[in-house]
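Reader: I would like to learn how to read aromatic contacts in a model. Please take me through them step by step.

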Amino acid sequence: MSYAAVHEDDHHDHDHKPTGIGRWLFSTNHKDIGTMYLVFSLIMFFIGGAMAMVIRAELFQPGLQFVDPQFFNSMTTVHALVMIFGAVMPAGVGLANWMIPMMIGAPDMAMPRMNNMSFWILPFAFTLLLATFFMQGGAPAGGWTMYPPLVLQLGDGFPFLIFAVHFLGISSIMGAINIIATVFNMRAPGMTFMRLPLFVWTWIITAFLLIAAMPVLAGAVTMLLTDKFFGTAFFDAAGGGDPVLFQHVFWFFGHPEVYILVLPSFGIISQIIPTFARKPLFGYASMVYATASIAFLSFFVWAHHMFTVGMPLAGELFFMYATMAIAVPTGVKVFNWTATMWKGSMTFETPMLFAIGVLFMFTLGGFSGLMMGITPVDFQYHDTYFIVAHFHYVLVPGIVFGIISGVYYWMPKWTGHMYDEKLGKLHFWTSTISVNVLFFPMHFIGLAGMPRRIPDYSTQFTDWNMIISIGGFAFGLSQLILVWVVIKCIRGGEKATDQVWEGAHGLEFTLSSPPPFHSFTTPPEVTDATAHS
Amino acid sequence: MAQNTRVTAKKLFIFAACMFGFGYVMVPMYDLLCDVTGLNGKTGEVSQVKAESMHVDMNRLVTVEFDTNVNPALPWKFKASEFKMNVHPGEIAEAVFVVENTSNKPVVGQAVPSLVPALASLYFDKTECFCFTAQLLEPGERKEMIVRYVVGSELPENISTMTLSYTFFKAPDSDDVAVSEKESVKAISSKS
């Protein structure tokens, strides 16, 4: 509050924002880059969403209606790549860009130019990926996991796919390095590690996961590239290689990637639940250690994605128990969030509704994950709609809802205006009902044996598929409400106070709404009283 | 950019580069793991002398079945002369396979073996196999090829049947000389 006022004074002389397109192209400001990340992610969310709509339209009835099977396979493949790398990851990085400097009392990110570069790589990467739709041989259609030898049959689009993945890897590694460098070197005096807001903690751990996992993916796709064009035989059985090796390397990246996606969402709801329960977070230290343990364990469970490829019994048992072990720190987190709400003076504004939605529905997705972690039963679930139900429960109501709750929570801080609470609540309820209509019945048809990634199905699955498709269309339409709320909030609305929410704590809520262009030019002093909520 | 930021960033970039290398280290690690555990049914190789010195368990008979596959890129026919054999553990046995090149070009093929159950592959060794080297077949040529193998007498009691599967692939560099010459000429002319 007091330092916010100081800022406005000394900013008059050097706070000249560049104008026009140049402000965005050459931006080194953490807020502008954060905004670009978030807008980019929203656009990708709708592109990936449109692909999901094609999938659900085709699956509305058995038989082939709208698209040919090859294009259907491209839809499932590119939908996954766009949603994971284009929508969810950039949204997380966008929130980190906006919030981390404000939360730790820094003026900006540690490496602003690299920050600019890591954002601007993304549009190029997705141009490469989406351009494959117009090439000989079409877009990638062998599944987002890019298993050889199937992926090697892709036509002209193949090198574009590989280089797009390389670019995405470079972008997120640079983003991760920037976040760690910022948190390690630019904390305000008194902001010790154990006083960091939990969102910052989850992001440090996510950033380390990114740096450890993304290069392994880059290595795996490079091997695919040299197998196809330079005569190596990493995955080619005829040359002494083994296609199953790709699955090991891929999932060594792929499982930590799951936590790269979900940990920022955990961080967001750890900020929101204490605010609206008007109580400090229950078990702060245990939350930090639980997050770190989840990240550590995530490197020892990769083969649970491939129980059915053939493994020695000891291997199957090891990966089964390691997978079960992750439920322990995750259980600690769920317990702590629930305990934070216990006897709190709760109110249910939109961010809180979405955060509680995450808590409920992520846990549900977590349970179906435990079911699949049990090796013998996984043989029934493998490659059916049951796994589709599982990962969409953790990804959509678990992660996308977490990101949306963060957007509602911090939007008044960013724009200086309160969003329309009525529309926000409408968005929550339509999304929550439709997301369950969309994904819950997938458990049933999966257990009944409907395979994933196939454009046609046996007629006994028709009724549930129709219901699922209706849920899908409703969920897609509901997201337009979010767009409207955001536009309306940017344009105007009730003026937001500095603290925004009655129960909000933390450095970001001591700045004005909207905050000054450079967050903290004089570092604030952090004491136990002003530390984490 | 402050000095300490530079140091942090440098360390993290080195860490990222090491993890890229680690992806490649997983390749030999995986091969080693397959050797130790018999994963993917990779069978072993022994010398004739050692195989002959093995103890033969005349009280036990195990069944070895043969499965043959040809990768669609290879214009060959490939069959086992006998689909299964009963052998005593420790005795040297010989299986005969027939291949035929149905195309009008010489083609080089490479057979890749795999044995199930994977655990049995730790006790299954060959002294001689057509899969040890690539095989050249002239146009229309038909050839008999042999595998000489021995099932170790330490084979666990609960395994009574094994399936040895071979898949013939087109060897990676087996396009005939004429075509590759033409292609290189094309490549040169398109460059100039």
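**Aromatic pairs**

Author: The model is predicted. Over all chains, the count comes to 58 aromatic pairs.

Reader: How is the pair of A:Phe235 and A:Phe246 arranged?

Author: Rings of Phe, Tyr and Trp pair if their centres lie within 6.5 Å, and planes over 60 degrees apart count as edge-to-face. A:Phe235 and A:Phe246 are edge-to-face, with 5.2 Å centre to centre and 85° between the planes. A:Phe235 is in the loop between helix H7 (198-229) and helix H8 (243-277) of chain A, while A:Phe246 is in helix H8, 11 residues apart.

Reader: Are A:Phe235 and A:Phe246 buried or exposed?

Author: Both A:Phe235 and A:Phe246 are buried.

Reader: What about A:Phe282 and A:Phe335?

Author: This pair is also edge-to-face, at 6.0 Å centre to centre and 70° between the planes. The pair links distant parts of the chain: A:Phe282 is in the loop between H8 and helix H9 (284-297), and A:Phe335 is in helix H10 (residues 313-341), 53 residues apart.

Reader: Why does A:Phe335 count as exposed?

Author: Exposed means over 50% relative accessible area. A:Phe335 counts as exposed because its relative accessibility is 52%. A:Phe282, with a relative accessible area of 40%, is partly exposed.

Reader: Which residues do ring pairs link into a cluster?

Author: Among them are A:Phe199, A:Phe276, A:Tyr408, A:Trp410 and A:Trp501.

Reader: Where does the charged end of A:Lys228 sit?

Author: It sits over the ring of A:Phe158, 5.3 Å from the ring's centre. A:Arg187 lies over the face of A:Phe193, 4.1 Å from the ring centre.

Notes:
Residues are numbered from 1 along each chain as its sequence is written. Chains are lettered from A and ligands numbered from 1 in the order in which they are written. This is a predicted model: local features need pLDDT of at least 70, side-chain atom pairs count only at pLDDT 80 or more; totals for chains, interfaces and linings use all residues. Side-chain values use heavy atoms; hydrogens and water are left out. Rings of Phe, Tyr and Trp (its six-membered ring) pair if their centres lie within 6.5 Å; planes under 30 degrees apart count as stacked, over 60 as edge-to-face and the rest as tilted. Helices (H or I, at least four residues) and strands (E, at least two) are DSSP runs, numbered from the N terminus. Buried means under 20% relative accessible area, exposed over 50%, partly exposed in between (1.4 Å probe, protein chains only). A charge sits over a ring if NZ of Lys or CZ of Arg is within 6 Å of the ring centre and within 35 degrees of the ring normal.
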